[in-house]
Amino acid sequence: MRPLSSWASLASSRTSFYGRFRHFLDIIDPRTLFVTEKRLREAVQLLEDYKQGTLRPGVTNEQLWSAQKIKQAILHPDTNEKIFMPFRMSGYIPFGTPIVVGLLLPNQTLASTVFWQWLNQSHNACVNYANRNATKPSPASKFIQGYLGAVISAVSIAVGLNVLVQKANKFTPATRLLVQRFVPFPAVASANICNVVLMRYGELEEGIDVLDADGALLETALTRVVLPMPILVLPPIVMSMLEKTALLQARPRLLLPVHSLVCLAAFGLALPLAISLFPQMSEIETSQLEPEIARATSSRTVVYNKGL
């Protein structure tokens with residue numbers, strides 16, 4: 001059993017895409033939503049016994065990794081407080097899928113467009129805040145600023161694109177409906193960029209934590225943007241094909257259930273793939289850091305957390 005608390009072991013296990021993919025499958029596993037309070041306490045105690053060297057005989061590696069999975073899914077890594085169920089990474093798909101379905105519903109009105117974009121950004125903001133890096137105090141104003149920026153940009157772009165599509169006289173009704181289904185993607189993508197820039201602007205000014213081989217804390221600068229392309233692009237393409245089948249044309253009441261299943265499948269498959277593309281922990285040559293930081297460590301490389 002590798003030390004669960006070792007940065008080196010965690011980083012090495014996630015250097016490959018497959019390793020990261022397996023790790024994030026554990027993180028987003030919705031079964032952890034049903035873990036009882038008693039099972040959580042047992043998992044935390046098991047890990048504590050392991051760290052203290054008082055582990056009882058007969059405990060297997062599988063039991064230890066299962067306990068680690070439960071703890072990571074439920075407790076915040078910095079505060080050790082329980083994360084509210086809808087805002088856990090393991091709850092992102094089950095609680096987020098209904099919102100994705102709403103975003104991709106055809107024939108949206110102005111009111112429904114505003115509502116679903118607002119609800120989506122509100123859910124994203126709460127997930128981001130609940131899973132934030134809490135090692136340093138962050139003013140609430142930054143969170144509010146990022147949230148408002150994301151909502152305003154998402155609603156503005158979605159409404160603006162819908163108006164443009166409606167005024168496009170050259171589009172046939174079928175083409176207009178198809179184009180409208182892709183409107184949520186640029187709106188959500190732009191809102192995510194706005195949210196990241198506003199909420200993480202401090203990292204560009206002050207830097208982020210980096211670790212050398214001895215675990216010393218240093219600072220550097222980094223930012224990252226992740227776009228939800230598979231989740232918002234694949235369902236419209238699939239539904240445009242399924243709606244032409246004899247089954248759905250004869251039974252239009254099945255459209256919403258089928259649409260929901262397609263969104264759930266796209267969400268469930270695309271999310272772990274998307275967040276596994278790049279390592280969360282990466283290395284950088286010490287020579288590329290600021291001189292004063294480089295002089296503070298004898299390691300050739302340091303590790304930094306890029307976030308999700």
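Student: How many cavities does a search of the whole structure find?

Tutor: The search finds 2 cavities of 30 Å³ or more. A cavity is a set of points on a 1 Å grid over the protein atoms alone where a 1.4 Å probe fits but cannot get out. As this is a predicted model, local features need pLDDT of at least 70 and side-chain atom pairs count only at pLDDT 80 or more, while totals for chains, interfaces and linings use all residues. Residues are numbered from 1 along each chain as its sequence is written, and side-chain values use heavy atoms, with hydrogens and water left out.

Student: What volume has the largest cavity?

Tutor: About 110 Å³, where a volume is the space filled by probe spheres set on the points, and grid points are joined across faces, edges and corners.

Student: Which residues lie nearest its centre?

Tutor: Of the 16 lining residues, Leu-103, Gln-108, Asn-162, Gln-180 and Pro-184 lie nearest the centre. Lining residues have an atom within 4 Å of a point.

Student: Which helix supplies the largest share of that lining?

Tutor: H6 does, with 4 residues. Helices H6 (110–130), H7 (140–167) and H8 (173–181) each supply at least two; helices are DSSP runs (H or I, at least four residues), numbered from the N terminus.

Student: Turning to the second largest cavity, which residues line it?

Tutor: Leu-104, Arg-181, Pro-235, Pro-236, Met-239, Glu-243 and His-259 line the second largest cavity, which holds about 40 Å³ of space. Helix H11 (residues 229–242) gives the most to this lining, with 3 residues.

Conventions. 1 Å grid on protein atoms, 1.4 Å probe; cavity = no way out; pocket = protein on both sides within 12 Å on 5 of 7 lines; lining within 4 Å.
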